[in-house]
Amino acid sequence: MNFPTSTHKSRWLLSPEDLEARRCARYDKSVREIERYRPASTSAAASVAPGEGGEKAPQQLGGLELVSMEEEKQLFSYYERMISKICVLYNFSRKILAISIVYFKRFYLKFSILDYEPWTLMITCVYLACKVENAYISAEELAKGVQQDARIVEKIVLGSEMNLLQGLDFDLVVHTPYAALDGFCFDLETYVQEKLPAGECWELERAEAFAQRLRKKGYESIDALLFSDGPLLHAPGLLAFAALEVALKASGEKALLREYVASLLARADGGMAADQLAQAIQAIHKLGQSGASGLIDESTLKQIDRKLKLCRSGRRPRFC
């Protein structure tokens, strides 16, 4: 399926405003459910104060401090990195890595961690991504990677797979930036051999080695972007181009970057103007920086996890 006609483009690419609105709406809904199902003796109206940047600070509900949206983001970042570790452990392709993380992100656009256990969804996302890519892994094998009993992991996966599918609206198509980056590298390899001014064209061996170095550096940039909101805000081709720009700058070939960008824009059919492209790429670079730096220390993780367990106690369970 082509990206322009895919559900990825039509349903799962959002503006920053829409993304924030969805997250606020589903968080508020989860808070209302907690209030509804908590015992009457502890239930009280939830209080909320705006935090920095307009985000919601931790709420109070009958003396219970709820997990904030910022703490949700920290947990999401942690579990997305856990997905990456699992995929590396089993030597899964980068496409499976990207699909797993995108499934995780999409699911939590509809639900909060107050609704569904993120560890459970993390495992199920990897399992489903492997099935979609015809790289099936048994629950028993997956259990070894997460150091859990095989029977427990099998129960989790089988019990959560339908929840995940429904949360994704059964939209399983994910176009990854890695494939787009491969296309850019191949195109650039041809460009330096055939399109440069006479006498400046590169030999085949030099062009292939250069493209391989760009691909390696570009993959690292995409890895960081996966841990950000990038896959929900920008098309995979734009993410790939931003990664290519990082790789070209790191190689020292800034003049080649300018020439190649001009070549792409000249060949584009109704695409972005140069200033629009530059603005979008700059925004993506900021996302990459946030993705690369979004680590959470163990003490903070334990603190948030304790709050999360308290929030779930006394409410109707929706997770396995």
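**Exercise 1. Cavities**

Solution. The model examined here is a predicted one.

Step 1: The largest cavity holds about 60 Å³ of space.

Step 2: Two or more of the lining residues come from each of α4 and α11.

Step 3: Sorted by class, the lining of the largest cavity comprises 8 nonpolar, 4 polar and no charged residues.

**Exercise 2. The largest pocket**

Task: State the volume of the largest pocket and identify which helix gives the most to its lining.

Solution. Step 1: The volume of the largest pocket is about 580 Å³. There are 26 lining residues, and those closest to the pocket centre are Arg 23, Lys 73, Phe 227, Ser 228 and Asp 229.

Step 1: At least two lining residues are supplied by each of α2 (16-37), α3 (69-89), α4 (94-110) and α13 (274-293). The greatest contribution is that of α3, with 7 residues.

Step 2: The classes in the pocket lining are 11 nonpolar, 6 polar and 9 charged residues.

**Exercise 3. Packing of α8 and α11**

Task: Describe how helix α8 and helix α11 pack, and give the angle.

Solution. Step 1: Helix α8 (residues 177-194) packs with helix α11 (residues 236-251) at about 55°, and their axes lie 8 Å apart.

Step 1: The two helices are therefore oblique to each other. Their crossing is right-handed.

Step 2: On the α8 side, the contact residues are Pro 177, Ala 180, Leu 181, Phe 184, Cys 185 and Leu 188. On the α11 side they are Pro 236, Gly 237, Leu 239, Ala 240, Phe 241, Leu 244 and Leu 248. This contact has 12 nonpolar, 1 polar and no charged residues.

**Exercise 4. Packing of α4 and α5**

Task: Give the angle at which α4 and α5 cross, and the handedness of the crossing.

Solution. Step 1: The axes of α4 and helix α5 (residues 118-132) cross at roughly 135° and come within 8 Å. The pair is therefore oblique.

Step 1: The crossing of α4 and α5 is right-handed.

Step 2: Residues of α4 in the contact include Ile 96, Tyr 103 and Phe 107, and those of α5 include Leu 121, Met 122 and Val 126.

Notes:
Residues are numbered from 1 along each chain as its sequence is written. This is a predicted model: local features need pLDDT of at least 70, side-chain atom pairs count only at pLDDT 80 or more; totals for chains, interfaces and linings use all residues. Side-chain values use heavy atoms; hydrogens and water are left out. Axes are lines fitted to C-alpha atoms, for helices over the stretch in contact, and angles run from 0 to 180 degrees between N-to-C directions. Helices (H or I, at least four residues) and strands (E, at least two) are DSSP runs, numbered from the N terminus. Angles under 35 degrees count as roughly parallel, over 145 as roughly antiparallel, 65 to 115 as roughly perpendicular and the rest as oblique. A crossing is left-handed if the near helix is turned anticlockwise from the far one by less than a right angle, and right-handed if clockwise. Contact means heavy atoms within 4.5 Å. Ala, Val, Leu, Ile, Met, Phe, Trp, Tyr, Cys and Pro count as nonpolar, Asp, Glu, Lys and Arg as charged, and the others, Gly among them, as polar. On a 1 Å grid over the protein atoms alone, a cavity is a set of points where a 1.4 Å probe fits but cannot get out, and a pocket is an open set with protein on both sides within 12 Å along at least five of seven lines; lining residues have an atom within 4 Å of a point. Grid points are joined across faces, edges and corners, and a volume is the space filled by probe spheres set on the points.
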